[in-house]
Amino acid sequence: MGDIDSEHPMADTPQPSEAELELLKILWRDGPASAREIQARLPEGLAWAASTTRTVLERMRAKGLLNREEVHGVAVYAAAAGKTQVLGGVLRRLVRGVLEVDGPLPASAFSGSQVLNEAELEELTAVLNADLEKDR
């Protein structure tokens, strides 16, 4: 099995931390938002100060996970990559890299997801198995 980071086209997709994934979920669900709006939507387990939220958002922007735009003098953040691309990278790293699964990966295992709809599950399946298509 080759190195996922060097051989797969998704290697350029930054790998978010667990906390960063929570912020991405907010932006994927609700669309672009200011730091204050994101702060108000944080899950209970992330009871951060507003300054911590801004710091994490800026760190995510530096990693390439977020874009920032000024709207009427307010910084508004948006996800830089689609959820299937980011989640596909996270899942590929776990399943291919850590668990060393070589065969096809069915995204249908996530059909009960509150984050992904049916079309996104199909796209995720393609993302998860892109390396298998390349090797054929």
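This is a predicted model: local features need pLDDT of at least 70, side-chain atom pairs count only at pLDDT 80 or more; totals for chains, interfaces and linings use all residues.

Student: Which residues of H2 meet which residues of H5?
Tutor: On the H2 side they are Leu21, Leu24 and Trp28, and they meet Lys83, Val86 and Leu87 in H5. By class, this contact of H2 with H5 has five nonpolar residues, one charged residue and no polar ones.

Student: How are two packed helices described?
Tutor: One gives the angle between their axes and the distance between the axes.

Student: Then at what angle do the axes of H2 and H5 cross?
Tutor: The axes of helix H2, residues 18–30, and helix H5, residues 83–98, cross at roughly 155° and come within 11 Å. Angles over 145 degrees count as roughly antiparallel, so H2 is roughly antiparallel to H5. The crossing in which H2 passes H5 is left-handed.

Student: What about H2 and H4, what is their angle?
Tutor: H2 and H4 pack at about 90°, and their axes are 11 Å apart. Angles of 65 to 115 degrees count as roughly perpendicular, and H2 and H4 are therefore roughly perpendicular to each other.

Student: Which residues make that contact?
Tutor: H2 contributes Glu20, Leu23 and Leu24, while H4 contributes Val56, Leu57, Arg59, Met60 and Lys63. The contact of H2 with H4 has five nonpolar, three charged and no polar residues.

Student: Now H5 and H6: how do their axes cross?
Tutor: The axes of H5 and helix H6, residues 118–128, cross at roughly 45° and come within 9 Å. That angle makes H5 oblique to H6. The crossing of H5 and H6 is right-handed.

Student: Which residues are involved there?
Tutor: From H5 they are Lys83, Thr84, Leu87, Gly88, Leu91, Arg92 and Arg96, and from H6 they are Glu120, Glu123, Leu124, Val127 and Leu128. By class, the contact of H5 with H6 has five nonpolar, two polar and five charged residues.

Student: Changing topic, how much space lies in the second largest pocket?
Tutor: About 150 Å³ of space lies in the second largest pocket. Helix H3 (35–40), helix H4 (50–63) and strand E3 (74–79) are the elements that each give two or more residues to its lining.

Student: And what lines the second largest pocket?
Tutor: The lining consists of Ser34, Ala35, Arg36, Gln39, Ala50, Thr53, Arg54, Val74, Ala75 and Tyr77. Those lining residues divide into five nonpolar, three polar and two charged.

Conventions
Residues are numbered from 1 along each chain as its sequence is written. Side-chain values use heavy atoms; hydrogens and water are left out. On a 1 Å grid over the protein atoms alone, a cavity is a set of points where a 1.4 Å probe fits but cannot get out, and a pocket is an open set with protein on both sides within 12 Å along at least five of seven lines; lining residues have an atom within 4 Å of a point. Grid points are joined across faces, edges and corners, and a volume is the space filled by probe spheres set on the points. Helices (H or I, at least four residues) and strands (E, at least two) are DSSP runs, numbered from the N terminus. Ala, Val, Leu, Ile, Met, Phe, Trp, Tyr, Cys and Pro count as nonpolar, Asp, Glu, Lys and Arg as charged, and the others, Gly among them, as polar. Axes are lines fitted to C-alpha atoms, for helices over the stretch in contact, and angles run from 0 to 180 degrees between N-to-C directions. Angles under 35 degrees count as roughly parallel, over 145 as roughly antiparallel, 65 to 115 as roughly perpendicular and the rest as oblique. A crossing is left-handed if the near helix is turned anticlockwise from the far one by less than a right angle, and right-handed if clockwise. Contact means heavy atoms within 4.5 Å.
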